[in-house]
Amino acid sequence: MEALLKVSGLNKTFGKKKVLHGVDFTVASGRVVGLVGPNGAGKSTIMKAILGLIPTDGGQIQIADQAVSITKHQALRQVGALIEYPGIYPFLTGRQHLELFAAKKQRQQHVDAIVQALGMAGYINKPAKSYSLGMKQKLGIAQALVDRPQLVILDEPMNGLDPQAVKDLRDIIRAQAKAGTSFLISSHILSELEKVADDVLILNHGHIIQQSTMQDLAEAGGTIYELQTVNDRDALAALQAAHVPVNLVDRKLQITQTDRTTLNAALIALVHAGIAVQDVTKAQHDLEQSFLDLVEQEVH
Amino acid sequence: MGTLIKQELFKLTHKKGTWLAVLFMVVVQIGFAVLSWRYPKFFGTSMFVMNNYIGGALVDFIMIASAASMIAMEFQYGTIKQLLYRKYYRSQVFVSKLLVLLLQMIGLQVVASAMTGILTFIIKPKFDWTQVVDHMPIWRDYLLTTGGSLLVMLMLLSLVILMATWFKTNAAAIACGFIGYFVTAVAAQIIIMFVQRWHWLKWNPFTMLLTGNQIADPKTYHALTLLDTPVMIACTLGYTALFTLIAYLSFRRRAV
């Protein structure tokens, strides 16, 4: 798949402190990429650099093969963004905010569509200064999405959103990605991010320490099956006799998948031993665990 | 650029303060017109016509507030990133704001002048705009005075915009703008005295605050400023350009 956004060798220094060290990554068309990292890792700095908001100290940023920098903004015509927190003019209504930045072509249609999709119809004509934190956040997201850009950059978009709004946002992101829009999203709510992201970038101390698909990341941590039987002690003996990799952890039988036949072999062993299986649960490394493991490895 | 100007106009026209300021100016003008009508001995019509029934001073105050807040509000409301991450450059964003300020100033002056004409016609229908006072018809004096005031106002606004790029809140920028307005007026009075002693001081920007007065009354003010009127006009425009350039450089360097 062709890369819409290409970042290569990006360096950034604030005073004497170097915050980005040769950052390289790409975002392909129609992919949702999660950017995760501890506080101060450089996530917002990367996003601001991509948006041509800050000067950089080396490296290249390209959107659709056009260079972007603080003095080159032409490629940003197809970019929507919400960085850090939504900017709100207290004297405008929500709808006026959207009309202010929406392109002239099909303006009303696009505004109405995003208002509907994010469930903002009930308050969109009220002054934005009266909005709650979540409403303002939705307005900021709506402003980023209203023109249906090719690339959307969202910095902590789930901040302040209620569960319904988070789901609405997830649905919109998936629908727009399916239509070809690329997303770069940072979030500390990793459980939500892994539901929506195709790929993940893990950033620590200004270095990209992992870029992979979400699937690869989950599988890299290994898959474990937790079994519940009528007699776990006998089941453990039967599985060990069948050379199935098994452990009893917290009174639960845990089978570590080594290949695609592991679960099958375990079930055959238990059936042959005449032990009834009551429950099987698949547990994979989630994004949070993978992130913590990787950051932990970096420390040591 | 056209889109940016439309966006700035959209924001300006959707602020209640914009319209309240115009309303306030009109009400004050009407008030002073009534005073002139009731007490013509104390409040002569000719004097009030020249200062637009105090509307001229109010145009200055409104424009200082508007210029100060136009950039500072973007930082206060956190909207600056939304303005700057788009396909436009900082220079275009900055220039679009300047152009809208200019349009607002012209619009306000048109309202003030229109009210001056209407009020004068109502309270003194026989007011003779062609009568010659101090070797000049009143209509000509009015146009020169108004034009001169706007020219000086441009220079002051460029200074206010420069200061506004240093502030993060509207209130601080506006307060600084007003204080600056009064301080420069007082400083100009003081410095002009020193010009008589050290002639090279005549080139300082405070001297240019008298450009409006010199345009209307060249003979009297030339003796004070020691500069010819065309030179003063050129210097006023030059300082306006210089302050605007420094303001842009300050705006460009500001972190978002």
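Predicted model: local features only at pLDDT ≥ 70, side-chain atom pairs only at ≥ 80, totals over all residues.

Colleague: What is the mean pLDDT of chain B?
Modeller: The mean for chain B is 89, and 100% of its residues reach 70 or more.

Colleague: Which elements of chain B have the lowest and the highest mean pLDDT?
Modeller: The lowest belongs to helix α8 (residues 170-195) of chain B, at 81. Helix α6 (residues 90-123) of chain B has the highest, at 94.

Colleague: How many helices and strands are in chain B?
Modeller: Chain B has eleven helices and two strands. Read from the N terminus, the order is α-α-α-α-α-α-β-β-α-α-α-α-α.

Colleague: On to packing. At what angle do α2(B) and α6(B) pack?
Modeller: Helix α2 (residues 16-38) of chain B packs on α6(B) at about 25°, with the axes 10 Å apart. An angle under 35 degrees counts as roughly parallel, so α2(B) and α6(B) are roughly parallel to each other. Their crossing is right-handed.

Colleague: Which residues meet there?
Modeller: On α2(B) they include Val22(B), Ile30(B) and Trp37(B), and on α6(B) they include Leu108(B), Met115(B) and Ile123(B). By class, this contact has twelve nonpolar, two polar and no charged residues.

Colleague: And how do α4(B) and α7(B) cross?
Modeller: The axes of helix α4 (residues 55-76) of chain B and helix α7 (residues 138-164) of chain B come within 9 Å and cross at roughly 30°. By the same cut-off of 35 degrees, α4(B) and α7(B) are therefore roughly parallel to each other. The crossing of α4(B) and α7(B) is right-handed. Among the residues in contact are Asp60(B) and Ile64(B) of α4(B), and Met153(B) and Leu157(B) of α7(B). The classes there are eleven nonpolar, two polar and one charged.

Colleague: Last topic: how many residues of chain A are in contact with chain B?
Modeller: 21 residues of chain A are in contact with 18 residues of chain B. Helix α2 (residues 94-101) of chain A gives the most to the chain A side, with three residues. That side divides into 13 nonpolar, seven polar and one charged.

Key. Residues numbered from 1 in each chain as written. Chains lettered and ligands numbered in written order. Axes fitted to C-alpha atoms, helices over the stretch in contact; angles between N-to-C directions. Helix = DSSP H or I, 4+ residues; strand = E, 2+ residues; numbered from the N terminus. Parallel < 35°, antiparallel > 145°, perpendicular 65-115°, else oblique. Left-handed = near helix turned anticlockwise from the far one by under 90°. Contact = placed C-beta atoms within 7 Å. Nonpolar A, V, L, I, M, F, W, Y, C, P; charged D, E, K, R; others polar. pLDDT = per-residue confidence, 0-100.
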